[in-house]
Amino acid sequence: MTMSVSLLATAVVLCAVGGILMLTRPLTRILLGAVIAGNGINLLVLSSTGSAGAAPLLYGVPLRRVTDPLPQAIALTAIVITLATTAFLLAMAYRSYQLTGTDEVHDDLEDRRIFLRAEVLGERAELREEYRAEPGRTRRERARYRQERHRLRARLRADRALQARGRDAGGDLWHDVLGADPEDYVNDTHDDRGAAG
C-alpha cells in the first residue's frame, strides 16, 4: 500500500485546524472546527487505501486489482454523521444567539460556585492557622480576624443571593428553559420583556 504524502499532510493540517477551532468558545467556530476535522479524517481514511484500483465488481475483475470498498463506506457514513452534527450545532448556535445575543459557550454556574466555595474555605483555613499560630493576640488582631471572617462569609452569602435571583426567573418554565420568541411578549403588557424585545 502506498500513501500520498501530500494527501496525508493535508489531512493532518485539516485535523489540526479543526481541533484548534473546536477548543474555542463561540459555537460557530466549534461548528466550523467539526466540519473541517471531519473532512480531514475522511481524507485520512481515504488516503490510507492507496492508489485507486478497479471497481469492486463481482465478476470479471481480478481480486488483486480491486479497490477496497470498506474505507469508502466508512467515509460515506462519516459524511452523514458530520452532516447531522453540523445541523445540530447550527441549531444550538442559532438558539443561543436568540436567547443571549451571542453564541459563546459560558462557564457553568455550578462549577463557578464550587470553585468560589473552595477558594473561600481555603482562605478561611489559612486565616485560622495564621491566627492560632500567634500566641499573644491583641484586641486589634482579634478584631481584624473577625472582620476577615465576616468578609469571607459575605462573599458566600452574595453568591447564594445571586443564585436565588437567578432561580426566580420569569415563572413560565417552558420559556425559562427553552427560551421564548420576542413575538410572544409583544402584546403582553404585564411582562417588561415585551417592551424590551
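**Helix geometry, burial and surface of the predicted model**

Helices (H or I, at least four residues) and strands (E, at least two) are DSSP runs, numbered from the N terminus. The structure is a predicted model, in which local features need pLDDT of at least 70 and side-chain atom pairs count only at pLDDT 80 or more, whereas totals for chains, interfaces and linings use all residues. Residues are numbered from 1 along each chain as its sequence is written, and side-chain values use heavy atoms, with hydrogens and water left out.

The protein has seven helices and zero strands, and the order of elements from the N terminus on is α-α-α-α-α-α-α. Of its 197 residues, 17% count as buried, where buried means under 20% relative accessible area, exposed over 50% and partly exposed in between (1.4 Å probe, protein chains only). Among the contacts (heavy atoms within 4.5 Å) with a separation of 6 or more, 57% are accounted for by residues 24 or more positions apart.

The buried residues of H2 include Leu 27, Ile 30, Leu 31, Gly 33, Ala 34 and Ala 37, and the buried residues of this helix pack against helix H1 (5–22) and helix H3 (70–100).

Helix H4 (residues 109–133) was treated likewise: at 1.5 Å a residue, its 25 residues should span 36 Å, and its end C-alpha atoms are 36 Å apart, which agrees. In H4, Leu 116, Val 120, Leu 127 and Tyr 131 are buried. A search of the whole structure finds one aromatic pair, pairing being defined for rings of Phe, Tyr and Trp (its six-membered ring) with centres within 6.5 Å, and planes under 30 degrees apart counting as stacked, over 60 as edge-to-face and the rest as tilted. The rings of Tyr 131 and Tyr 145 have their centres 4.0 Å apart and their planes at 10°, so the pair is stacked. This pair links distant parts of the chain, with Tyr 131 in helix H4 and Tyr 145 in helix H5 (residues 139–167), 14 residues apart, and both Tyr 131 and Tyr 145 are buried.

The protein exposes about 15,000 Å², of which carbon and sulfur atoms supply 61%; accessible areas come from the Shrake-Rupley method with a 1.4 Å probe, and for residues only the protein chains shown count as cover.

Note on methods. The expected span of a helix is 1.5 Å times one less than its number of residues.
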